[in-house]
Amino acid sequence: MMTAPPNQFDAISPTAMLVAYARQFSDIPFTTELAQSIDIPTVLEQFAIDHQEDIVLLAALFEARYKAVDWAIAQSESKQIVELASGLLPRGMVISQNPDMTFVESDLPAMIHLKQLLVAQIIGEPFNLHFHAINAASQPSQLPLGTDYLRESEPITLLCEGLLQYLTMSEKRQLFANIREMLKHYGGAWITPDLATKQSQLQIEEHSTPSQRLHQSIINTTGRSLVDNSFNDRAEIKQFVSEQGFELEECSLFNVVDRLTCLEILGGDSENFDSVLEIRYVSMLTLK
């Protein structure tokens, strides 16, 4: 496995633990097993989570985000998937159960090494599930271009869920450039729910005082503000995406609200989160 010294993005990795904790309150496969691998009391303390309402909010947001991405994957009908910053997402474990699929997980070296160990413990070592240690926003690109496990004759689907909101605009441009290079080579699409506006990020803080503490804890942990690194509005998103050479289609996360199971598990009313989900989108990007 490729190794590299710690870099500025390593501070973002602990947020994968937070997402893994919240995602276990759903019917998404393998989320319980992955959550059991982390030190939950430390995660709750680190991110100042001490209020049931915040747990429900996070669980609803992360479940909706995951299921919206899965819906978009189904539309693409791709047999080759590369997930960037895959963290403790279970998607590779789920999709690799289909022997016709090829799935590549990638993240920073320490995180992807941990993920590979956990996957081996939980489901073994599927022949069609691969692990790649990279910084997705590096220059030059470290994305798995021309590897022996990706078929040159077939398009790919690139994914990233929970990455872009931590990147500065210059880092976003580099990530877009790296993905553009991949799609020019293979063809296909990029799916992400990460093209967020400042309004959609602030809405979490406005939900409750504990949510404000949670966002401050994320800033303290990562050194990055979700609000500052977001776009001003969706018009700016569309302009930015076009300038990077992509076409954009969007679907609101609200479209999967009826598939959320966390509210049954934790208790709660979906109407409390409708406004949060309505202004968040899963985006499907293709080259112009």
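Predicted model: local features only at pLDDT ≥ 70, side-chain atom pairs only at ≥ 80, totals over all residues.
Biologist: What makes F30 count as buried?

Modeller: Buried means under 20% relative accessible area, exposed means over 50%, and partly exposed is in between (1.4 Å probe, protein chains only). F30 has 17% relative accessibility, so F30 counts as buried. F30 also has a positive phi of about 70 degrees, although it is not a glycine.

Biologist: And E77, buried or exposed?

Modeller: At 65% relative accessibility, E77 counts as exposed. E77 sits in the loop between α4 and β1 and takes a positive phi of about 60 degrees without being a glycine.

Biologist: Why point out such a phi?

Modeller: Most residues other than glycine have a negative phi, and most peptide bonds are trans. P140 is in the loop between β3 and β4 (156-160).

Biologist: How do you know that the length of α4 agrees with its number of residues?

Modeller: The expected span of a helix is 1.5 Å times one less than its number of residues. The 25 residues of α4 should therefore span 36 Å, and its end C-alpha atoms are 37 Å apart, which agrees. Of those 25 residues, 18 are buried, so α4 is largely enclosed by the rest of the structure.

Biologist: What makes a group of residues a nonpolar core?

Modeller: A nonpolar core is a set of buried Ala, Val, Leu, Ile, Met, Phe, Trp, Tyr and Cys residues joined through side-chain atoms within 4.5 Å. The largest one has 60 residues, of which L18, I191 and V282 touch the most other members. Helix α4 (residues 52-76) gives the largest share of this core, 13 residues. Apart from it lies another core of 29 residues, including V82 and W190.

Biologist: Which residues are in contact with V282?

Modeller: Contact means heavy atoms within 4.5 Å. Leaving aside neighbours within four places in sequence, the contacts of V282 include A68, V69, A72 and I191.

Biologist: How do you know that β2 is paired, and with which strands?

Modeller: Two strands pair if DSSP finds at least two bridges between them. β1 (residues 80-84) and β2 pair in the parallel sense over four bridges, while five bridges join β2 to β3 (residues 129-133), also running parallel. The chain crosses from β2 through helix α6 (residues 109-123) to β3 in a right-handed β-α-β crossover. With the strands pointing away from the viewer, "right-handed" says that the path from the first strand over the helix to the second runs clockwise.

Biologist: What makes β2 mostly covered?

Modeller: Six of the six residues of β2 (residues 102-107) are buried. T102, V104 and S106 point one way, with F103, E105 and D107 pointing the other way.

Notes: Residues numbered from 1 in each chain as written. Heavy atoms only, no water. Helix = DSSP H or I, 4+ residues; strand = E, 2+ residues; numbered from the N terminus.
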